[in-house]
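Student: I would like a close look at a single part of this model. Please take the place where the two chains meet, and then what lies around it.

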Amino acid sequence: MAVIHRALFTWFTTLDFLIFLVLKLDTKISWNWFLIFIPLWLFDVVVIVYLTVNMIIHCKNGYDRNHSDLSLRRKGWFITAASLKMIFQVLLCLRLQYLPSFPLYFVMIPFWILATVSAGDMFRGLVATHRRS
Amino acid sequence: MFFTLQELVRWLRMTAFELWLHVISVLAFSVLAVLKYEAVLNLSWWVIFIPLFACDGLNAYFCVIVFIREYMQVDIKAAFLRFLMSGLSLVLLFLFKLLLCQRLSGQRETSVSEVMGPLFVLLQIVMVRACRTH
């Protein structure tokens, strides 16, 4: 998938999710929280399948023509990040729908891990770019 | 996850530093918001939102610096266009945070759709930027 396809797909799922979220929070609809999150489940499934197929092609051929700059380890981290996001969403939906007394700390743990590692990764990328220039 | 940092920079027309600032501020805000929600911290929502507002302030400062440097080194048209687009995104994000903070602190009776309004406008800009990515 080219960047434009991935960007438009991400934009579309985000827009759908925000529309559902606004309708639910304004009490225009009374759907289950798991249904409100459908666009995000779709996004996660597509990301995980896309990355898994890419990893299989990479392992089979020894290289990836579409993402030559991405190592196998990096793709592994991307799948882990998608899984962490999915776990966070499941915990959030469970808390909102069925377990209102469940502590919010436990719900947020996957998100905090994901955000902390992503921030560290981005900082490393920033330093590497600065050293190159 | 789905994009590399370079792809995100190309799509969102934001620098890696700006993206990094957003991630850090959201992380700090989420920690403070959870502590407030679980009644560990007894602070007002305006204090909880400080990391997000600080991020906007830093990004605005960064935007002005880039504008001045581009104006001195490249040309006024490119500098002004970049400043306008970055400024618009920043203003929309700031407006969303401001409305959300006012709603949470109970200062204004706004519906969620009103609070999310700036975010929907921003999403349209992001869509145009996605179409121009190649």
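How many residues does the contact take from chain B, and how many from chain A?

Tutor: The contact takes 32 residues from chain B and 33 residues from chain A, where two residues are in contact if their C-beta atoms, placed from the backbone, lie within 7 Å. This is a predicted model, in which local features need pLDDT of at least 70 and side-chain atom pairs count only at pLDDT 80 or more, while totals for chains, interfaces and linings use all residues. Residues are numbered from 1 along each chain as its sequence is written, and chains are lettered from A and ligands numbered from 1 in the order in which they are written.

On the side of chain B that touches chain A, the elements giving two or more residues are α1 (5-12), α2 (16-37) and α6 (112-131) of chain B. Helices (H or I, at least four residues) and strands (E, at least two) are DSSP runs, numbered from the N terminus. The most comes from α2(B), with 11 residues. By type, this side of chain B divides into 23 nonpolar, six polar and three charged residues. Here Ala, Val, Leu, Ile, Met, Phe, Trp, Tyr, Cys and Pro count as nonpolar, Asp, Glu, Lys and Arg as charged, and the others, Gly among them, as polar.

A nonpolar core is a set of buried Ala, Val, Leu, Ile, Met, Phe, Trp, Tyr and Cys residues joined through C-beta atoms within 7 Å; a residue is buried if 20 or more other C-beta atoms lie within 10 Å of its own, exposed if 12 or fewer, and partly exposed in between. The core has 11 residues, including A:F43, A:F78, A:L114 and B:F2. Elements α3, α4 and α5 of chain A each give two or more residues to this core, and α4(A) gives the most, with four residues. A second, separate core of nine residues includes B:W20, B:I24, B:F49 and B:L52.

Helix α4 of chain A (residues 72-97) has 26 residues and reaches 38 Å from its first C-alpha to its last, close to the expected 38 Å, which is 1.5 Å times one less than the number of residues. Its buried residues are A:F78, A:A81, A:A82, A:L84, A:Q89 and A:C93. They pack against α2 (33-36), α3 (38-61) and α5 (104-132) of chain A.

Chain A as a whole has five helices and zero strands. Its C-alpha trace spans about 50 × 30 × 30 Å along the principal axes. Buried residues make up 15% of its 133 residues.

Residues 104-123 of chain A are 100% helix, with end C-alpha atoms 28 Å apart. Residues 19-37 of chain B are also 100% helix, with end C-alpha atoms 26 Å apart.
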